[in-house]
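The stops below run from the overall fold to single residues.

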Amino acid sequence: MLETLFFALIPILITIGLGYYLAVKGTFDEQDSHKLARLVLNYMLPLNVFAGIWGTSRKIMIQDVGLALWLAVAMVVCFLLMILVYRYALKNDAPVAILRAMSIADPSVPFVSSAVLPLIFGANDSAITIGICTLTTNVIMLPIAFSAFGDNCDTVSARLKTPLRNR
């Protein structure tokens, strides 16, 4: 198991190391970094998650409904609990409390898990986990965080309804 995990993390470490090397060498600047990040976050990552879910059979999806619900509930409850702990027990400002709660309750599933989980559990079994965690983050947790940082007067409920509305 440790060997599988090690080989799953090697491409991530090589990519990060290559990025640092190219930045130090001067062939990869800040503009390139922004363009690459935009490409990955706006196109490649959503397509990767979509392809994983699309390639999963209906039978596996139906079997994993319980897992999907538990993942979504666990992430949201942990997020809200950490906001309360940081805000009221540790006396942080609301934006700081939300950022710290995000760092605990929002695992970087789309980035790291798409490289690691398929090697450990197989592509079909990990596609549901990655998809549900990604949706939970983007549809529930990020709108709550954006409402704390937004300069307009949108309420949290209005922010939560925005991703679900048809445009």
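**The whole chain**

Start with a cartoon view: the protein has 8 helices and 0 strands. Helices here are DSSP runs of H or I with at least four residues, strands are runs of E with at least two, and both are numbered from the N terminus. Along the sequence the pattern reads α-α-α-α-α-α-α-α.

This is a predicted model, in which local features need pLDDT of at least 70 and side-chain atom pairs count only at pLDDT 80 or more, while totals for chains, interfaces and linings use all residues. Residues are numbered from 1 along each chain as its sequence is written, and side-chain values use heavy atoms, with hydrogens and water left out.

Now show the surface. The accessible surface comes to about 11,600 Å², computed by the Shrake-Rupley method with a 1.4 Å probe, with only the protein chains shown counting as cover for residues. Carbon and sulfur atoms hold 68% of that surface. Of the 167 residues, 25% are buried. Buried means under 20% relative accessible area, exposed means over 50%, and partly exposed lies in between (1.4 Å probe, protein chains only).

Contacts need heavy atoms within 4.5 Å. Among contacts with a separation of 6 or more, 60% join residues 24 or more positions apart.

**Stop 1**

Select L36, L39, V40, Y43, M44 and L47. Together they make a nonpolar surface patch of about 570 Å². Patch residues have over 30% relative accessible area and no salt bridge; like charges are joined within 9 Å, and nonpolar side chains (Val, Leu, Ile, Met, Phe, Trp, Tyr) within 5 Å. A salt bridge is a side-chain nitrogen of Lys or Arg within 4 Å of a carboxyl oxygen of Asp or Glu. Pick out V40, in helix α2 (residues 30–54). V40 is partly exposed, at 33% relative accessible area.

**Stop 2: the loop between α4 and α5**

Move to the loop between α4 (65–89) and α5 (94–105), where N92 sits. K91 lies in this loop too. K91 is exposed, at 67% relative accessibility.

Check the K91 backbone: phi is positive, about 60°, although K91 is not a glycine. Then show what surrounds N92. Leaving out residues up to four places away in sequence, N92 touches Y86, R87, A97 and R100.

**Stop 3**

Select helix α7 (residues 123–149) and centre on T136. T136 is buried, at 6% relative accessibility. A polar atom of the T136 side chain lies 2.8 Å from the backbone oxygen of I132. Beyond neighbours within four places in sequence, T136 contacts A72, M75, V76 and M141.

Follow helix α7 to S147. S147 counts as buried, at 17% relative accessibility. Draw a distance from its C-alpha atom to that of P95: S147 and P95 are 52 residues apart along the chain, and the separation is 9.4 Å.

**Last stop: two cysteines**

How many disulfides does the structure hold? It holds 0, a disulfide being a pair of cysteine sulfur atoms within 2.5 Å. C78 is partly exposed, with a relative accessible area of 27%, whereas C133 is buried, at 4%.

Technical notes
Polar contact = N/O pair within 3.5 Å; in protein donor to acceptor, adjacent residues only side chain to side chain.
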